[in-house]
Every structure is written in C-alpha cells, then in structure tokens.
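These notes are meant to be read beside the sequence and the coordinates.

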Amino acid sequence: MQQIFSNTNLTVTQLIEKIDSGELGLPELQRPFIWKDTKVRDLFDSMLHGYPIGYLMLWECPTLEKKKTIGAEKHSFDAPKEVIIDGQQRLTSLYAVMKGKKVVNSNYAEKSIIISFNPLQRKFEVGYKAVKNNPEWIYNISELYTSKNSFKFISDFIMNLSTSRESEGMEFTDEEQAAVAESINAVINLKEHTLPVFDIKANAEEEDVSEIFVRVNSGGVALKQNDFILTLLSLYWDEGRKEIERFSKESRYPAKDKVTSYNQLTEVSAQDIVRVVMAYAFDRARLKYGYKLLRGADFDKRGTVDIELRDKRFDVLKSKLPDVLNVHNWHEFLKAIMNAGYLSGDMILSGNAVSYTYAFYLIAKYRFNASCNENMHLTSLWFFYASLTSLYTGSFESTVENHLNTIKEMKTLDDYKRFVLSRAEERLTNDYFDVTLTGSEGLAVSGRGNNAWNAYVASLNVLNAKILFSKSNLIASKLFEPGTDGKRKSLEKHHLFPKAYLKRLGYPDSKINQMANYAYIDWKDNVEILDDAPSNYYPAICAGRSREDILSMEQENALPHGWENMDYEEFLIERRKLMAAKIKETFTILKNNVKDQC
C-alpha cells in the first residue's frame with residue numbers, strides 16, 4: 001500500500017518561518033479564532049513545563065496557481081506547499097502571540113491575545129489591568145518575541161523591578177535576579193519547542209485525511225466536507241472565501257451606513273453559504289461530491305483529478321457566488337420566509353431549511369426567470385412545507401440531491417411550479433393534517449416547541465389572528481416586531497390550563513407542557529392570569545365582551561368553544577385538531593397563491 005503520510009518534528013520557529021515564507025498555508029488571522037485566552041495561557045504554560053502540546057497535521061498541496069497567506073507581505077513561495085488540517089488553533093495562538101498579531105473572535109471582533117508572565121513565580125496569566133503596571137509581571141509576552149534586543153529587555157525588566165523593590169524598602173536579591181533572567185530566557189526559548197508533525201501526501205483522498213484525523217485525535221471533532229471545501233477555496237480562490245466570511249460576519253451586526261446580510265431571522269455561517277452555492281451552482285447537496293467537484297475530479301474516469309476541469313468549475317463558482325452573496329437577493333428571499341409567517345428566528349429550527357430554500361429561490365430567479373412576486377409565493381410555500389415536515393433533517397442530503405436532479409431536467413418556470421406544488425401536496429395530504437399532525441409526530445408532544453408548533457404560530461401570523469385575551473385589537477404578528485417592549489419579548493407562551501392547577505391535579509410535566517396547552521398572549525396581560533382553573537379565570541377575561549367577540553377570539557386562536565369547562569385530556573385532543581386546521585388553512589392559502597400568481 002502506498003504511504004500517504006510521514007512523520008517529522010519541527011520547532012515553533014521553523015513553523016513560523018514556513019508561514020512567513022508562504023510555504024505553509026495557515027488560514028488568515030481574520031477568520032474566527034475560537035480558543036479562549038485561557039487555553040492560550042495553558043498552551044504556553046505546558047510548553048514552559050516541557051509537557052507535550054499535541055501534534056500538527058499538514059496536508060501537502062497539489063500544484064497551485066496563486067495563493068496569499070498571512071505573515072510577511074512578500075513570500076518566497078508563490079503558493080503553499082502545505083496547509084494545516086489539524087492544530088490550527090494552536091499554531092494560530094503561537095503565531096499571533098510570538099508575532100504580536102491580532103485575531104478575531106467568533107463574532108468577528110478584532111482583538112489581541114494578551115498573555116502575561118511572572119518570571120519569579122514562573123506563572124502565566126491572561127493579561128488584565130491589575131498586572132499591567134505591576135513590575136513583577138511582563139504584561140504582554142509578545143514583547144519578548146518582537147523585541148530586537150532580548151538582553152536589553154531582560155536588563156530593563158530587572159532594573160525596573162529592582163527600583164520598585166527599593167522604593168518599597170524591599171530587597172531584590174542576586175538569586176532572584178538570576179531567576180528572573182533564567183525564566184524570561186526560558187519563555188523566549190519556547191520558540192525552539194518541538195512539535196510532532198503528520199505530513200499527509202497530496203495524493204491522499206479526503207476520506208483518508210478524515211480517517212487519520214479521527215484516529216490520532218480521539219478527543220477532537222471529526223473533519224467535515226465543509227472544512228475541505230473551505231480549504232480548497234483558501235488555496236485556489238482566497239478572495240471567494242473572504243467574501244463568504246464577510247457575508248457571514250455582517251449577518252451578525254447591523255450596519256449604520258449600508259445594507260448588509262444582517263437580518264432579524266438568521267445568522268449565516270460559512271458552511272451555510274457553501275451549501276447554498278453547491279446546490280445553486282452545481283446541483284449538489286452532498287458536500288463530499290462538492291469537494292471532489294472543486295478539486296477537479298473527473299467522475300467519468302473514476303475520480304481522477306483534471307486541472308482543466310477544476311479551473312472550469314472554479315469559473316462557474318466565481319460566476320455564481322455573487323448571486324448568493326447579493327444582499328438584495330438575500331433580503332428578498334427573507335421577505336418570502338416572513339410572508340410564510342416566520343417572523344422570528346426562534347421559529348426557525350433548521351438552518352438547512354433556510355440554506356436550501358435560498359438555493360431554490362436563486363434557481364427559480366436565474367434559471368427559470370421567475371418574477372419577484374412569483375418567486376416570493378413559490379419560496380413561501382416551499383419554506384412552509386419544508387419547515388413543517390422537517391424536510392432537511394436526518395439524511396437530508398439525499399433528499400435534496402434528488403430534488404436538484406429533478407429540477408435540473410426542467411426547462412420552464414411552469415415545470416418548476418408543478419414540482420413545488422406536487423412535492424408539497426404529495427406530503428401534506430388530508431391524512432397528514434388529520435392524523436400525523438395531531439399525533440406524536442406533530443402537536444401531541446411536550447416541550448418548548450417543535451416545527452409543528454412553529455407552523456401553527458406562523459399560521460396565526462398569515463391569518464392575521466388577534467392576540468389571545470388581549471383587550472386591544474392588535475394582531476399577533478405585530479408583536480413579533482423588534483423593539484415593542486425593549487429587550488423583553490412582547491409575546492409570551494401561556495399555559496391555558498395553568499401549570500400550578502394541573503400539578504395540583506397530579507399531572508406530570510410531560511402532560512402539562514403539551515403544545516396544545518400553550519398559547520401566545522401579550523405579556524402585560526399574562527401577569528393578570530391566576531394559577532387557577534380556566535373555568536374560574538376565563539369568565540373574568542371575557543367579561544364585557546360580546547358573544548361574537550368571544551367566538552371570534554376562540555376561532556382565531558384554535559380554542560374549542562366551552563374549552564374552559566372541558567376535561568383536560570379532551571381539551572388537548574380537540575385543540576390539536578383546531579391547530580392542525582389552522583396550519584392546513586395557511587398551507588391552502590400559500591398553495592393557492594402559487595396557483596394564482598405564477
């Protein structure tokens with residue numbers, strides 16, 4: 001069997017030199033650094049004590065055209081000979097501290113890693129204000145590595161500490177001075193700390209790389225195909241990866257002077273964008289094949305790598321990614337989700353539902369020339385159907401690939417319209433609404449919520465239902481808007497049969513917290529509800545309301561008339577039926593919108 005990896009040992013200095021020369025490709029420091037500063041502190045502490053700090057896994061690169069890496073502005077290598085697959089956080093920590101470079105955290109906020117050191121105690125600590133002006137401490141050890149004259153640094157530190165001791169009437173002995181010099185030199189010499197390195201050959205398949213990773217790193221998270229795709233982007237089209245990461249970063253924070261990907265519904269990750277662009281540009285849902293495709297695999301020749309194929313596919317990627325990252329497309333798509341009643345990120349349990357519905361939105365727009373209005377209705381229906389049925393959970397990649405293969409053969413918008421309608425109607429039958437949705441796969445469960453509950457809430461929004469029990473005429477959807485009550489949500493879930501009341505009757509939490517026992521009400525009204533039987537509090541709520549108003553309120557919020565006097569178990573059964581009917585009514589509206597508008 002051909003050897004696909006070799007072992008070697010490299011010092012920290014050698015690794016840093018490889019990064020600076022461009023020989024070793026370490027993803028840029030502007031990508032999220034997930035380690036806490038305490039882990040960086042512990043890393044240096046382990047090195048100082050001579051403890052092992054793990055290994056690095058490097059993957060040899062095929063012949064590359066262009067690549068820009070971190071480090072020096074000019075490199076001896078036009079392209080990296082290797083990229084790091086495992087140990088990135090460790091190597092980034094060492095590089096950032098020893099070169100005095102900044103990193104960004106998981107929220108893309110730029111920061112310096114400040115590690116302090118007490119030479120007499122031989123102790124590292126995360127930098128904080130208490131030690132900044134303490135002469136016993138080196139506040140930022142980066143100064144040790146960036147200083148051009150380490151001897152002068154040590155002399156100055158000893159002199160400053162000696163002066164401080166004298167001012168306090170304390171002695172700074174010769175033994176202590178020698179210990180300080182020895183400790184500081186020991187920290188400086190961590191540059192020569194040796195790390196074991198696994199060098200994986202360029203001809204290794206990604207499955208082999210993943211298997212090696214898992215076997216030698218039992219405590220780590222298995223590599224994903226998404227990791228390989230982003231690595232390829234770093235190698236062959238780094239600007240594309242930067243744009244993906246910019247879009248992801250901007251989805252987290254509102255911008256004052258421009259429209260960005262930021263929104264109230266969902267934050268975006270690089271993996272989300274990879275899924276969208278693979279589906280939209282290449283009709284691929286399985287990221288495993290997406291990786292092979294971008295690597296240049298010729299599927300007709302048993303996966304052999306073809307450089308020309310790789311270049312052509314990257315040309316396709318370069319032409320399609322701007323559509324995915326177009327903020328106008330993105331926000332028009334999000335309007336379609338909101339048109340389906342999903343007005344809050346809390347209502348969206350599947351990020352994959354957002355990613356793949358967005359891919360379908362782009363396919364409809366650019367491949368089938370759907371108008372904005374047509375695409376909104378198609379997208380609203382698909383997202384409602386996909387979310388309700390948990391379409392993108394489990395073995396979803398095969399489902400999506402089947403959809404994409406079917407769509408790929410279509411020629412017209414009418415074909416695509418029939419596809420959307422047929423898939424939704426095939427699953428959302430009368431039996432689904434009458435049996436499945438009212439059973440244990442739908443609303444007959446306990447907990448904070450599931451896709452069936454969220455579809456019910458979305459239905460209330462689509463149907464313009466008024467807020468339950470409210471004295472105002474506000475519709476529920478208005479209270480999903482941000483800022484109506486500061487940080488507190490305007491809508492709160494309320495137990496229709498109060499929790500304390502049911503506990504007194506001996507019901508367990510699994511029964512008390514059934515989806516059918518919940519309703520959203522305005523929180524200011526919620527505080528007026530007592531922990532008493534509904535037969536006691538409901539008449540007080542209805543006082544002063546006409547019979548027509550009461551019946552309308554009950555109908556809009558899926559409450560069976562006379563519910564307050566029902567046996568609790570009977571109430572749950574009857575309310576599930578009415579909730580399912582609301583979801584069915586909304587599905588019918590969204591479906592008819594597609595039929596009428598497209």
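1. Leaving out residues up to four places away in sequence, F384 touches A340, Y342, A455, A458, S459, I583, T586, F587 and L590, where contact stands for heavy atoms within 4.5 Å. The model is a predicted one, in which local features need pLDDT of at least 70 and side-chain atom pairs count only at pLDDT 80 or more, while totals for chains, interfaces and linings use all residues. Residues are numbered from 1 along each chain as its sequence is written, and side-chain values use heavy atoms, with hydrogens and water left out.

2. F384 is also one of the residues, together with V324, Y342, Y392, Y416 and F469, that touch the most other members of the largest nonpolar core, a set of 131 residues. Such a core consists of buried Ala, Val, Leu, Ile, Met, Phe, Trp, Tyr and Cys residues joined through side-chain atoms within 4.5 Å, and buried means under 20% relative accessible area, with exposed over 50% and partly exposed in between (1.4 Å probe, protein chains only). A second, separate core has 46 residues, among them V12, L15, M47 and F153. In soluble globular proteins, nonpolar side chains tend to be buried together.

3. For the chain as a whole, there are 26 helices and 14 strands, taken as DSSP runs numbered from the N terminus (helices are H or I of at least four residues, strands E of at least two). Of the 598 residues, 52% count as buried, and among contacts between residues at least 6 apart in sequence, 73% join residues at least 24 apart.

4. How do helix 14 and helix 16 cross? The axes of helix 14 (residues 327–339) and helix 16 (residues 372–388) come within 8 Å and cross at roughly 55°, the axes being lines fitted to C-alpha atoms, for helices over the stretch in contact, with angles running from 0 to 180 degrees between N-to-C directions. Helix 14 is therefore oblique to helix 16, since angles under 35 degrees count as roughly parallel, over 145 as roughly antiparallel, 65 to 115 as roughly perpendicular and the rest as oblique.

5. D283, in the loop between helix 11 (270–282) and helix 12 (287–295), has a positive phi of about 55° although it is not a glycine, and D283 is buried at a relative accessible area of 10%. A558, in the loop between helix 25 (547–556) and helix 26 (568–597), likewise has a positive phi of about 55° without being a glycine, and A558 is buried at 2% relative accessibility.
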